[in-house]
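Colleague: Before I use this model in class, I would like to know what the terms rest on. Could you go through them with me?

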Amino acid sequence: MRLRRLPLTLAALSVLIVSVFPVYWMVLTAFKPTRDIQADTPTFWPSHPTLDHFATAISADGFGLFWRNSLLVTVSAVLAAMAVALLAAFAVARMRWRGRRGFILMVFIAQMAPWEALLISMFIIARDTGMLDKLSMLSLIYFMTTLPFTIVTLRGFLAAIPPELEEAAQMDGASRVVAFRRVVFPLLAPGLMSTSLFGFITAWNEFAFANALIIKNQDDRTLPVWLSSFSNIFGTDWGATMAAATLFMLPVLLIFLVLQRRVTSGFTAGAIKG
Amino acid sequence: MTSRFLTATAVLALAAGLTACGSTPESTTTPNAAADPVKLTVWVMRDSFTDGVISRFKTGFEASHQGTTLDIQIQEWDGIGQKVTSALASNDAPDVIEVGNTQVAEYAASGGVKDLTDKVAELGGTDWIPGLAEPGKIDGRQYGIPWYAANRVVIYNKDLFEKAGVTAAPKTRDEWIEVTTKLNKGGTQGIYLPGQNWYTLAGFIWDEGGDLAVKEGDQWKGALDTPQAIAGIGFYQRLQALGEGPRDSDEAKPPQADVFAKGDVAQLISSPGGATAIEKANPELAGKLGFFPIPGKTADKPGAVFTGGSDLIIPEASRNPDAAYEVIKALAGEKFQLDMAKEMSYVPNKASFAGVLSGSEGAAAMAIGATNGHATPNSANWAAVEAKNVIKEYLTKVLTGGDAAAESTAASQVITDILNTKS
Amino acid sequence: MPGLWPYLLVAPTVLGAAYLLLYPLLRSVVISFQHFRTGELIRGGAAFVGLENYQEVLGSGEFWSVVWRTLLWTAVNVVLIMVISTLVALMIARLRKRLRLAVMSGLVLTWATPVLAATTIFQWLFQSRLGVVNWLLATLGLESFRSYTWFADGTSTFVILVVLVVWQSVPFAALTLYAALTTIPAELYESARIDGATGWQIFRNVTFPILRPLFGLITSLEVIWVFKCFAQIWAISRGGPDGATTTLPVYAFQVAQSLHKYDLGAAISTLTVLILVAALITHLRRMLRHEGDQL
């Protein structure tokens, strides 16, 4: 029996290694002293861990500021997208109306939007409305980039919650809004959280617009823009580069670790139904 | 669009400066502008100047211009075309921008740059180096104000030369290869030459009598496939192999000064100002850096070099054009020019300032190299050839084992196509 | 007024999309019919030139080679993602609890890695002199990989980008498929096994039919994501070397932003969207029909 499982176990281990190793290598490099990083034979364990690279990354010009900017833009965009998407998802999942199919189709097509191609027209629009060099413009764009996917996913979650629950509450005399808040919302919470993650990652990562629309107010730059100029800031210092990448990944990682199980199970429930 | 005038004047200026060592002092006091507090944004390119030069300028300028504060922002070369264009097209652009002399014409032609023709006299424009003044001028109107110029030399580590028993700087290519081979032993790299340093390749091609592209009638033709150009890349390949420069990268990635600063690299091709960056990265190397002009094919003529430099522009969209002009006046004026020339070993924007470079070993090497200075093909589309990295990728292909004959034909065709597109 | 509610609920979405998506898209389409270069961007006053930009784009050999490369890029990635994800999902379902949890956590970790962090990591892994991949290959006896410059060669850069994108995409697909697998009643498998079905037959006749809608959804999402993939390619190779990794979004960006030919870039983008819609049209139609049945 043991032996029969061996190929399976080996396969599992190799999947595990392939998925974890790159991230492990990043974190490990971030903690290695430069001497070890440049050694001809790499070490796979932190024999002399050091915080030097993190110190370099954090003390780099503006790191804290850019981190804050990124967080601000991302969180506001995701919250707005959740609120707007929830309304739309409810209309699609629970109501019959003319134009519903067309709306769903549009939402799906919206996911295909070639965002990088809209740089110039977005630049012109921002300029003509005085929104250039403003973080709020980035928030708006990120809100829109995450909205279609958020609607699709939330709708799946909603569809997975039996309408009978609401109907029962309504029969007990609650209004539709109250029924939604008391009955559906608590059941939807995990779905909301996991959906917000996709939005968070998308917005947290965005580079092209952040680079093109923040021109003169350099204090309003976001982390990805800063991260992209690494080679200029840290040069051959791969340790500091990896430390900065680790710090860049940190918030996403934390949220994921907290929510991971809800994310996977929740998403499937919705996806299958939809 | 680098002008060919640059070379000659730079040489004259340097020669005059090195021998005469004097310049007419010129009043740099400026009348204080309006008392309204203004904050000006100035864009300077990465590695153009040391922090010291910039902070001295900022302090001095703010002290003499009450109510004006300067926000000097360092810009990355990567993607700079997009950035400057966006800035010119915005409603609230930076007030002063540094632009390379190969790019200034393109921006000036776009209509987003302020016409400064009526200031030329006040700035003493008759004395400007033409290689910086000409590209900034379109149809007789001056948009770009000359700032500084430089060309490449070889920076070497004196300790490593001594250790290898090399006593004299090489004068010819053959000597150079011989010396570099000798240096390239043990843990030492003979030369750190990244694979995509295409300005250096251009120099080798010019040495052979070739060019990057030639104009026949009104049609351009990529010329990397000529026997001269093939010989040029052949030499590049021999030299590049005498060190561990990455074949798929340029001098900015990683910054070559940082690599050299580690102390195990014997030679580097850079503008003399690179020495300042090296000493900053590793103070132990201070005083141990030497300079010599890039060797030519024969001892009587130094290797050909690309003459580069920068101009300053004020965007039309600047909200404080008058105050911005005060900044340009100071940056192009004697005090700053002398200070930066001394620290960076750049060629100042006026011949009369060049005296400050006397006694500088780097500047002396640069002056010799400048006698054989060249420019990139004079086409408005040349910027597109650079933007598409045609020559860089060609270099990488050949250095990683590609067939030079076949690859050069393909690359030349691409250059031909780009240069002949109508914009 | 119950009839009005759904429209009120979708109103914010519609308004937001109209201003932040449709409007810029329309302006982009307008630009694609104009002569729009740096001068026009700065000064305004662009003139209409009809189909000139489209003629120039469609008439260039470069555009078509980019189109084929993009299709190849999409096909290779999506096929790899779907096959590997399915295998991984089936594998996870068979693992014992602890190992299963470990593998799933590993996948989640990969999934959580932001694109820019991932590209930075991959550049470091494949760095020519200090990269661990070259060290490993050289240690395994493949001496030619010592200091091998991966990013100098078109094919090897393409391969690395495929590895990167597959690495990043598999977790989402695999975890979703696995979660769906767990919803299939065990009785179905048992009865199939009693009928003497082999593993492959079970997958084909039991598992796959049940998961088909999900396969459809994931595949089309991956097609969209891979086709549009820009950040990874731009960060690692800028579409190079020698255009070997230039896909349509990268090409449009290069033409517009690096060469300042905004009009041609807009035309390429419009064509990109049309190609993507055409590629997914069957899926869209099926989805629409499916929507008709529901609710």
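What follows is a conversation about terms and the values behind them.

Modeller: This is a predicted model, in which local features need pLDDT of at least 70 and side-chain atom pairs count only at pLDDT 80 or more, while totals for chains, interfaces and linings use all residues. Residues are numbered from 1 along each chain as its sequence is written, and chains are lettered from A and ligands numbered from 1 in the order in which they are written.

Colleague: What makes helix α6 of chain A "mostly covered"?

Modeller: A residue is buried if 20 or more other C-beta atoms, placed from the backbone, lie within 10 Å of its own; it is exposed if 12 or fewer do, and partly exposed in between. In α6(A), residues 119–128, eight of the 10 residues are buried, hence the wording. Among them are Leu119(A), Met122(A), Phe123(A) and Arg127(A). Just after this helix, Gly130(A) takes a positive phi of about 70°.

Colleague: What share of chain C is buried?

Modeller: Buried residues make up 46% of its 295 residues. Chain C has 13 helices and two strands. Helices are DSSP runs of H or I with at least four residues, strands are runs of E with at least two, and both are numbered from the N terminus. The C-alpha atoms of chain C fill a box of roughly 75 × 75 × 30 Å along the principal axes.

Colleague: How do you know that chain C is in contact with chain A?

Modeller: Two residues are in contact if their C-beta atoms, placed from the backbone, lie within 7 Å. By that rule, 73 residues of chain C are in contact with 72 residues of chain A. The largest share of chain C's side, 17 residues, comes from helix α1 (residues 5–32) of chain C.

Colleague: How do the residues on that side of chain C divide by class?

Modeller: There are 56 nonpolar, 13 polar and four charged residues. Nonpolar means Ala, Val, Leu, Ile, Met, Phe, Trp, Tyr, Cys and Pro; charged means Asp, Glu, Lys and Arg; the others, Gly among them, count as polar.

Colleague: Why are β7 and β10 of chain B called a pair?

Modeller: Two strands pair if DSSP finds at least two bridges between them. β7(B), residues 153–157, and β10(B) have four bridges in the antiparallel sense, so they qualify. One bridge joins Ile155(B) to Leu268(B). The open sheet has the order β10-β7-β11 in chain B.

Colleague: What makes β10 and β11 of chain B edge strands?

Modeller: Each pairs on one side only.

Colleague: Which helix lies across this sheet's strands β7 and β11 of chain B?

Modeller: That is α14(B), which runs at about 15° to β11(B). Axes are lines fitted to C-alpha atoms, for helices over the stretch in contact, and angles run from 0 to 180 degrees between N-to-C directions.
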